[in-house]
Amino acid sequence: MNPFKLSSALLSYPSVDLQDAIITDINKELKKWPKWFDLLSSLLQHLCATDLITLQENYVATFDRTPNHSLHLFEHLHGENRDRGEAMVNLLHEYQAQGFEPQGFELPDYLPLFLEFLSLQTEQQASQLLAEAIHVIAYIGENLSKNDSLYSSVIDLLIHLSPIEPQELKVAPIRDMDEALETFGPLMDGTEPLLNKKPSDIQIIQIQPRSKQLNV
């Protein structure tokens, strides 16, 4: 079982497919890794035992309506500053250079998408990329833990997998995206503006280009 594919699935918007996968495959496979199973068991039980609409409402309230829980990594680093756009382009180019073409409408810095990308890399490459992102990932996990969210267990797994210890993160101020749209307008393709300078004392996800869903 690939831990990055698993983490991507568990942090994604709840679906019937996810619930079925937990019941039929994930619980069974995870028992081969007792530490992982113990860490994630409460979340897995919650995802299976709760009706789908409630799960989806909780997901939206947790990640979409609580800015410091956002699963968009660069949102915590850059806010709405235009530096976010450059970081987003670099990350997308890294995906494409490795033959990974994101599907759907999610931005490249969406954590489940980033984790899916890691699941396709060699162990060494995935470990290196995780190390670049672990500081902001841990920041999200800390906020989830403070709010007693079961999703924090997935972040704990990622921290355990990281080759380095996360450092304290100084985040950019986060404003409502509607305000950013009023100020900057949408991009030419109609998407939100990809706009806070990254902290100068810590370098995170400085990926430069170098040259798929529940099968966990």
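Biologist: Is D109 buried or exposed?

Modeller: In this predicted model, local features need pLDDT of at least 70 and side-chain atom pairs count only at pLDDT 80 or more, while totals for chains, interfaces and linings use all residues. Residues are numbered from 1 along each chain as its sequence is written, and side-chain values use heavy atoms, with hydrogens and water left out. A residue is called buried under 20% relative accessible area, exposed over 50% and partly exposed in between, using a 1.4 Å probe and protein chains only. D109 has a relative accessible area of 0%, so the residue is buried.

Biologist: With which side chain does D109 meet in a salt bridge?

Modeller: A salt bridge requires a side-chain nitrogen of Lys or Arg within 4 Å of a carboxyl oxygen of Asp or Glu. For D109 the N to O distance is 3.3 Å, and the partner is R84.

Biologist: How far apart in sequence are the parts that D109 and R84 tie together?

Modeller: Helices are DSSP runs of H or I with at least four residues, and strands are runs of E with at least two, numbered from the N terminus. The salt bridge joins D109 and R84. D109 lies in the loop between α6 (83-97) and α7, whereas R84 is in helix α6, so the pair ties together parts separated by 25 residues.

Biologist: Which residue forms a salt bridge with E142?

Modeller: E142 is partly exposed at 43% relative accessibility. The closest N and O atoms are 3.5 Å apart, and the partner is K146.

Biologist: What is the relative accessible area of K32, whose side chain meets that of E29 in a salt bridge?

Modeller: The N to O distance between K32 and E29 is 3.3 Å. E29 is partly exposed, with a relative accessible area of 26%. K32 is exposed, and its value is 55%.

Biologist: Which helices do the buried residues of α3 pack against?

Modeller: The buried residues of α3 are W36, L40, L43, L44 and L47. Contact means heavy atoms within 4.5 Å. These residues pack against α1 (3-10), α2 (16-30), α4 (52-64) and α9 (152-161).
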